[in-house]
Amino acid sequence: MPLLKWDIPLDHDKMNGFIRAFDTHYASVRPILDRIGGNSTLDFKLYNTYGRSNNYYIGPQDGTDTLKASNLLLDNIYVKVKIVMSVYDRSLYTQTCSNVVNDIKLFFNALGDGSDDDLHVSDLITYIKSNEPNVNYIRFVGFNSYDANKQSIFVKFNSIDDLKEDQLHIYVPEIIRVDEDSIEIIEEVDE
């Protein structure tokens, strides 16, 4: 289950909502806890959903030819995406932007649901172009504070089963997060 963004504890209503939701989750597993015997138990593990990543890398790293050779850990798993976009019909620009934001969020959700561990800008642009007929072109500006040369977010292992025991002890599942506030689209008008 996701933990909290840094500002949620500062908002009384949001914090109360989190505590109620957390209590609800515990209440839902209570019948199972009562059946577990011996030295077995069941609990929630909180995912890292904000701050520097321990698992996701960004690349390619300068001076390397192989993507997986990058040792640059993603600086924040709350990812900001910045693109420049041109559309065919400017009267539909607002609706197209809204659709593109939804497409980007859906594409990033694939990282969190286990269906894909790698994200490549070329795949993201192809995905958007295939879903949004009003998009003329998209130019990628960057993730977070990285420049446009860092076009992939990935993990170096295919499954946690691939991790060695010492790596597994410190492994904390992470969720890459993107929302409306972290997507910046700049309109480019063709003359």
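Reader: How many of the 191 residues of the protein count as buried?
Author: In this predicted model, 34% of the 191 residues count as buried. The accessible surface of the protein comes to about 11700 Å², and carbon and sulfur atoms account for 50% of that surface.

Reader: What makes up the fold, and in what order do the elements run?
Author: The protein has four helices and six strands. From the N terminus on, the order is α-β-β-α-β-α-β-β-α-β. Among contacts between residues at least 6 apart in sequence, 71% join residues at least 24 apart.

Reader: What makes L42 buried, exposed or partly exposed?
Author: L42 has a relative accessible area of 38%. The partly exposed class lies between the 20% limit for buried and the 50% limit for exposed, so L42 at 38% is partly exposed. L42 belongs to the loop between α1 (12–35) and β1 (56–59).

Reader: Which residues is L42 in contact with, leaving aside its neighbours within four places in sequence?
Author: L42 is in contact with V29, I32, L33 and I36. For I32, which is 10 residues from L42 along the chain, the C-alpha separation is 8.2 Å.

Reader: How do you know that β1 is covered on one face or on both?
Author: In a regular strand, side chains alternate between the two faces of the sheet. In β1, Y56 and I58 lie on one side, Y57 and G59 lie on the other, and all are buried. Both faces of β1 are therefore covered, given that buried means under 20% relative accessible area.

Reader: Why are β1 and β5 said to pair, and in which sense?
Author: Two strands pair if there are at least two bridges between them. β1 and β5 have four bridges, so they pair, and the sense is antiparallel. The bridge partner of Y56 in β5 is V155.

Reader: What is the peptide bond between G59 and P60, cis or trans?
Author: The bond joining G59 and P60 is cis, with omega about 5°. P60 lies in the loop between β1 and β2.

Reader: What is the phi of N144, and where is N144 found?
Author: N144 has a positive phi of about 45°, although N144 is not a glycine. N144 is in the loop between β4 and β5.

Reader: Which residues have the most contacts inside the largest nonpolar core?
Author: The largest nonpolar core has 32 residues, and I104, F108 and F143 have the most contacts inside it. At least two residues of this core come from each of β1, β2, α2 (93–112), α3 (121–131), β4 (135–143), β5 (152–155) and β6 (183–187). The largest share, eight residues, comes from α2. Leaving aside neighbours within four places in sequence, I104 is in contact with V81, I83, L124, I128, V178 and I183.

Reader: How many aromatic pairs does a search of the whole structure find?
Author: The search finds four aromatic pairs. One of them is formed by F107 and Y127, at 5.4 Å centre to centre and 45° between the planes. The pair links helix α2, which holds F107, to helix α3, which holds Y127, across 20 residues.

Reader: What makes the pair of F108 and F143 stacked, tilted or edge-to-face?
Author: The planes of F108 and F143 are 85° apart, and edge-to-face needs over 60, so the pair is edge-to-face. The centres are 6.2 Å apart, within the 6.5 Å limit for a pair. F108 in helix α2 and F143 in strand β4 are 35 residues apart. Both F108 and F143 are buried. F108, F140 and F143 form one aromatic cluster.

How values were computed: Residues are numbered from 1 along each chain as its sequence is written. This is a predicted model: local features need pLDDT of at least 70, side-chain atom pairs count only at pLDDT 80 or more; totals for chains, interfaces and linings use all residues. Side-chain values use heavy atoms; hydrogens and water are left out. Buried means under 20% relative accessible area, exposed over 50%, partly exposed in between (1.4 Å probe, protein chains only). Contact means heavy atoms within 4.5 Å. Accessible areas come from the Shrake-Rupley method with a 1.4 Å probe; for residues, only the protein chains shown count as cover. A nonpolar core is a set of buried Ala, Val, Leu, Ile, Met, Phe, Trp, Tyr and Cys residues joined through side-chain atoms within 4.5 Å. Rings of Phe, Tyr and Trp (its six-membered ring) pair if their centres lie within 6.5 Å; planes under 30 degrees apart count as stacked, over 60 as edge-to-face and the rest as tilted.
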